[in-house]
Amino acid sequence: LPATVTVDPAFVVGPVRRRTFGSFVEHLGRCVYTGIHDPEHPSADADGFRGDVVELTRELGVSTVRYPGGNFVSGYRWEDGIGPVEERPRRLDLAWHSTEPNLVGVDEFMRWAAKAGVEPMMAVNLGTRGVQEALDLLEYCNVPGGTAWSDLRRANGAQDPYRVTMWCLGNEMDGPWQIGAKTAAEYGRLAAETARAMRMIDPDLELVVCGSSNSAMPTFGAWEHTVLTEAYEHVDHVSAHAYYYETDGDLASFLASAVDMDHFIDSVAATADAVRAAGKHSKRTNISFDEWNVWYQQRAESRPPSGDDWPIAPVLLEDRYNVADAVVVGNLLISLLRHTDRVHAASQAQLVNVIAPIMTEPGGRSWKQTIFHPFALTSRHATGDVLRLAIDSPVTETARFGEVPVLDAVATHDPDTGEVVLLATNRSVTDAVTLDVDLRGFGALRLLEALTLSNPDHTWTATADDDTSVAPRTNTSAKTADDRAYAELPPVSWTIIRLG
Ligand code: AHR
């Protein structure tokens, strides 16, 4: 199938934002315990953090990490996680029907974040708690000293404040599964009051108000409208969450998941702009897409324990990703980048073991899932400006979205290095795409690298024994001539082409 893409340096959408490449660590399953934290592991540091996972986090190119949840945060008492570890209480974690041992809390997480070179993004509990506890946590984290909470942080070993900028005002507060779920009006008021008070401590915070839990919620749109009407002036971003998975063998629709993400982002931006107009606000509210990924929610591994069983760090949400899942993840990143004018932060959910690019064996090996690769390559190479493309692509019919373009792509251009990066997905289940890239405006560019992730069997999944035999490989068909580039993109594939 022939497809043409025109790339022009003049058509800038906005800057590539490092915060687009965020991730998420929740006290859920084995994300924290035996994930980032495993004192028994040979590579563990004095805090019990696995060195191999720190290395993989760095290789993944993660910018921010959201913490400590997720649904977990809506029942969390952050004070349980500070002070001498042996004195910390064990608590029931109602969100995941588990026991929380509180071996890792805010101080350990901040030390892990510094080690991994990531920016922490904290969430406050607006489920069972409210304004005061959010202020206490903020004081503990960001006030230099001389007050009860800040001096306690110093006594606990952190002389300097953590200076956390990004804060989520609760999590998925419209979800009936959420502890302390609220109506839009209730939550909007609470979020506005919490935000207003937090800014009295630190006016420079970037605050994220909860949007709908997903775009299929019955109140999607109306929720954002009501919440933002209450909180508009006090917040900077509204959250969006979306998870995709293949249903009933409908690979064609699954591969087109980014169509849904595009629509979702446009809808939230439009709603925020409607509130801006009605409220005569001058500033823009942008989007923190702080949970996104492929997640097979209907699988048994997603079901929490029940009854009298309250395990510590059970196996939960440990999805094994295949090649098609990785192609979709690559395409979702294309969608996020394309919307860099409105999506100012994003977090792939989650980092380790729980719907994650990185997997660990307790005390043992760590390995990369297929979805690791498009994230790592996009994060490493997408720099400078995001460019709007003119794409001329054949279409394919999908049950869920109707006709969709077979080829989806975005490009970045770094004016400092001159490098142009094209990220492309072939969503066809059956046909290769012959890609012709018109680079007018750049003149002749050299091919630096072209890598494609695909496999004749798109159901191939990585394991601890083999996480390398299907990874992005050099696309030998890629070439440049004059001011054009060409490449064959196999069906169900994701490709990165670097030119400079
Ligand atoms: O990421 C897993 C869960 O998905 C989070 O805890 C919750 O916020 C969302 O529903």
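Gly70 lies in the loop between strand E4 (64-67) and strand E5 (91-93), where helices (H or I, at least four residues) and strands (E, at least two) are DSSP runs numbered from the N terminus. This is a predicted model, in which local features need pLDDT of at least 70 and side-chain atom pairs count only at pLDDT 80 or more, while totals for chains, interfaces and linings use all residues. Residues are numbered from 1 along each chain as its sequence is written.

The peptide bond that joins Gly69 and Gly70 is cis, with omega about 20°. Another cis peptide bond runs from Ala349 to Gln350, with omega near -5°, and Gln350 belongs to the loop between strand E12 (343-348) and strand E13 (358-360).

The helices can be followed next. Two packed helices are described by the angle between their axes and the distance between the axes. Helix H3 (residues 131-142) packs against helix H4 (residues 148-155) at an angle of about 50°, with the axes 7 Å apart; axes are lines fitted to C-alpha atoms, for helices over the stretch in contact, and angles run from 0 to 180 degrees between N-to-C directions. H3 and H4 are therefore oblique to each other, since angles under 35 degrees count as roughly parallel, over 145 as roughly antiparallel, 65 to 115 as roughly perpendicular and the rest as oblique. Their contact involves Asp136, Glu139 and Tyr140 of H3 together with Trp149, Ser150, Leu152 and Arg153 of H4, two residues being in contact if their C-beta atoms, placed from the backbone, lie within 7 Å. In this contact of H3 with H4, 3 residues are nonpolar, 1 is polar and 3 are charged.

Helix H6 (residues 222-231) and helix H8 (residues 257-278) pack at about 40°, with their axes 9 Å apart, and H6 and H8 are therefore also oblique to each other. On H6 the contact uses Glu224, His225, Leu228 and Thr229, and on H8 it uses Val268, Thr271, Ala272, Ala274 and Val275.

Methods
Nonpolar A, V, L, I, M, F, W, Y, C, P; charged D, E, K, R; others polar.
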